[in-house]
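I opened my notebook to record what I looked up in this structure, entry by entry.

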Amino acid sequence: MPEDTKTSSTSKSATQSKTSKRVGTAVRTLAPMVPLAIALAHGAMTSKAPTAPSTEQSTTISSPAPSVLDCSASVPCPLVAAGHPVSWWFVFKLNAKVFPECGGGTRTCPFGGTVQTTSTYKEFGQQYVVASSDSTQLQDGLTDCLGTTTKDPVGASFNEIYNGKFHYVIWNDQPYGDPKIAACTSSGNCDAPWGHSKGILAWNDQGQGFVMQVSTPSWPESGNPKFPRKTDGNTLGCVKDNDVTFSQHFFALMLNKDDLMLVLHGLANASVVTDPSNVQIVNNGGPSDVQAAVKELGKKSTSEALVEGTLSTGILFISKPSNMNVPPWQMVSSQLGGASLRTATFWANPEIPSTETSDVPGCWNEALGTPGPVAIATTGSWRGKTFVLTGTPGGNHAKIGVTTSGDTSYSIFGDENQQGQLESDCKSSQNGRGGTFYALNNGDLTASITQLIAGSTAPTASTSKASTTSETGTKETKKK
């Protein structure tokens, strides 16, 4: 059964019986100056918007946000193009049905693999739109194929790691057996309760670096040409599984050393799929506490609490553990003061319907507070062309959202789909998986993404079966 249709027989009552034990165990959102040890040990959760720490939490250390002025050959940073560092960038790869091929670019495989011409690649698309800290409104990307040049954000940033000398960690719950992860199934992928998360971290000997969250199965899966994939490619469009048919998203963000530690703890909390002993996907090093945190990855977390905090750049980071069996985007809303959200994810069976009220779902953890309404975008548009935002074949595999109420304009980039249950079977699908989320407060970007995913909205009650396509889009399976 595909990972996103995997369900459990755990009942609502069983989940609710645990809730009272969890109250007060989740980690509160803290300001960037609060030491990580305090953030991880604090035992209170508020349903209000993130605020500065109280006087009881006033013991702090200075942790200034990283600056692009520090970016160099010895400090890895997000790049919108070679030689052009930024604090953050966001890329939305458009789907192949509406925006096919590369808009004029030539397909190449600079990070490993061969250009795929199999029937699986009958439709492919590597056109994209991009925004960054330098240009905060979405605009068309270059005509080259996304992820294959040093002129596009994904290719330039990955090239900095792949052909550099930095430390890195790659995680992906869908490696398709390369690399082999002991805990994964015969398909080579890791299902629940492993984290539904994909990305790469890179840092230098001082712990300075960046994170790139991705939504693409089977990419990246090698961090250095000295340790190539043995059975597959390592470039977008050059992987056997066609991960460039669906829309996908990519988000990169600068990190200082304290940020890096918080993200590493969040990855462990989310049970991300990696192997610290495999040099193909992990090159450990740097500060001793960073190395120790890396060694804790690749394990199933027993946590039932969020790990979260405000990074030095002001971006809110949230890590949901697999054992917190709640609908993912209601959880995000609860951590943004109960703000209303509009989301675009791989929305497929078992689909969570749109909600219009601030009612607490039956599958919930009281420590989270009250969520706001969560609307499911089913279509979006760019340059007058409408595209599908569900998990229907060739649709959407990005996991993005925006706030639609409140005084703060958050753009949210996540690992998890709005799939599972509001009631009853609380471990269903994404409810029972871990993942991370980044919430960036920027009015221009949020307005651009809001426009991108404006269109039709899923009903508030499921009136028809959503697609049961697996996340890769290569197969369809009947609901079991």
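**Entry 1: a pair of strands.** I first looked up arginine 342, which stands opposite valine 402 in E17. The strand E13 (residues 341–344) pairs with E17 in the antiparallel sense over four bridges, where I count two strands as paired if DSSP finds at least two bridges between them. Helices (H or I, at least four residues) and strands (E, at least two) are DSSP runs, numbered from the N terminus.

**Entry 2: what I am working with.** I noted that this is a predicted model, in which local features need pLDDT of at least 70 and side-chain atom pairs count only at pLDDT 80 or more, while totals for chains, interfaces and linings use all residues. Residues are numbered from 1 along each chain as its sequence is written, and side-chain values use heavy atoms, with hydrogens and water left out.

**Entry 3: the sheet.** In which order do the strands of the open sheet lie? I read the order of its seven strands as E11-E12-E19-E18-E17-E13-E14, with mixed pairing. Strand E11 (307–310) and strand E14 (374–376) stand at the edges with a single partner strand each, so one side of each is left without a neighbour in the sheet. The twist averages 20 degrees from one strand to the next, with axes taken as lines fitted to C-alpha atoms (for helices over the stretch in contact) and angles running from 0 to 180 degrees between N-to-C directions.

**Entry 4: strand E18.** I then followed E18, which runs antiparallel to strand E17 (residues 400–403) and is joined to it by three bridges; here glycine 401 has isoleucine 412 as its bridge partner. E17 and E18 form a hairpin with six residues between them, and glycine 406 in the turn has a positive phi of about 90 degrees. With strand E19 (residues 435–441), E18 pairs in the antiparallel sense over five bridges, and glycine 414 is partnered by phenylalanine 437.

Are the residues of E18 buried or exposed? Five of the five residues of E18 (residues 410–414) are buried, so the strand is largely enclosed by the rest of the structure; buried means under 20% relative accessible area, exposed over 50%, and partly exposed in between (1.4 Å probe, protein chains only). Tyr410, Ile412 and Gly414 point one way, and Ser411 and Phe413 the other way.
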